[in-house]
Amino acid sequence: MPRALCAKMRRNEEKMTEVLSIRSYQSGRPNDRAFNESIIDCYSEVFAGPPWNERWERSDVAAMLETLGLPMNTIALEGETVVGFAFAKVGYVDEFERQLGISFAAEVAKRRYGAWDPEFVLYQSDIGVLDRYRGKGLGKRLFMERLRGNQQAYQVVRTRQYPKPSVTYAWYTQKLGYEVVARYPEEDGRVILFQRGKDLAER
């Protein structure tokens with residue numbers, strides 16, 4: 001990579017560090033209404049825009065946030081305003097197979113390493129950054145911060161490969177080295193991706 005480009009990227013990252021803070025998110029903070037509302041605002045705005053173009057009811061976002069496991073979630077803030085998030089859940093493969101409606105335990109078990117239980121995984125739920133903050137490495141910072149403390153866990157995520165690979169599919173496979181371990185029917189187009197936490201930590 002050209003030195004000038006590297007220097008520019010470092011300056012952008014330094015500027016981002018000055019403006020934003022990243023911290024763990026604890027769900028269910030009833031005494032911090034403004035903070036919770038800011039998370040809901042950010043989540044709703046991210047998925048209302050391209051490439052998702054989804055409309056989420058605020059009550060549905062709030063209910064989803066209550067189910068998140070800890071401490072696998074991180075958020076990015078500008079002041080007290082949430083501008084990005086990376087959410088995950090940790091549990092057993094068979095639980096996620098039931099929730100996601102697809103089997104992938106056998107493929108995960110093939111990729112076992114060390115003494116880590118291949119039946120226990122970290123499911124990457126959602127990651128998003130407000131449009132005006134994209135292109136500055138914030139998504140990766142959120143992701144890597146969430147990875148800290150969970151480097152031994154097996155990581156899985158559901159995304160779409162067909163008919164056109166989603167932005168998240170390209171990011172996980174090309175930038176982070178995830179591989180497909182299960183496919184939904186072809187007309188569905190979604191896949192389950194897998195990566196070892198320790199391999200992610202070494203990137």
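1. Let's start at one end of the sheet: strand 6 and strand 7 (residues 190-196) run antiparallel and are joined by four bridges. Val180 has Leu193 in strand 7 as its bridge partner. Strands here are DSSP runs of E with at least two residues, helices are runs of H or I with at least four, and both are numbered from the N terminus. Two strands count as paired if DSSP finds at least two bridges between them.

2. A word on the source: this is a predicted model, in which local features need pLDDT of at least 70 and side-chain atom pairs count only at pLDDT 80 or more, while totals for chains, interfaces and linings use all residues. Residues are numbered from 1 along each chain as its sequence is written, and side-chain values use heavy atoms, with hydrogens and water left out.

3. Now the whole sheet: it is open, has seven strands in the order 1-2-3-4-5-7-6, and its pairing is mixed. Strand 1 (20-24) and strand 6 (179-183) are the edges, each pairing on one side only.

4. With strand 3 (81-92) the pairing is antiparallel over nine bridges, and Ala86 has Ile127 as its bridge partner in strand 4. With strand 5 the pairing is parallel over four bridges, and there Tyr123 is partnered by Val156. Eight of the ten residues of strand 4 are buried, meaning under 20% relative accessible area with a 1.4 Å probe, protein chains only.

5. What makes up the largest nonpolar core? This core has 36 residues, and Phe85, Phe87, Leu138, Phe143, Tyr172 and Tyr178 touch the most other members. Helix 2 gives the largest share, seven residues. A nonpolar core is a set of buried Ala, Val, Leu, Ile, Met, Phe, Trp, Tyr and Cys residues joined through side-chain atoms within 4.5 Å.

6. Tyr172 deserves a look in your viewer. Among the residues in contact with Tyr172 are Ile127, Phe143, Val157, Tyr178 and Leu193, not counting residues up to four places away in sequence; contact means heavy atoms within 4.5 Å. A second, separate core of 15 residues includes Val108, Tyr154, Val156 and Ile192.

7. Glu97 is buried yet has no salt bridge, and the nearest side chain of opposite charge, Arg98, is 7.0 Å away. A salt bridge needs a side-chain nitrogen of Lys or Arg within 4 Å of a carboxyl oxygen of Asp or Glu; Lys and Arg count as positive, Asp and Glu as negative, and His and the chain ends are not counted.

Key: Buried means under 20% relative accessible area, exposed over 50%, partly exposed in between (1.4 Å probe, protein chains only). Axes are lines fitted to C-alpha atoms, for helices over the stretch in contact, and angles run from 0 to 180 degrees between N-to-C directions.
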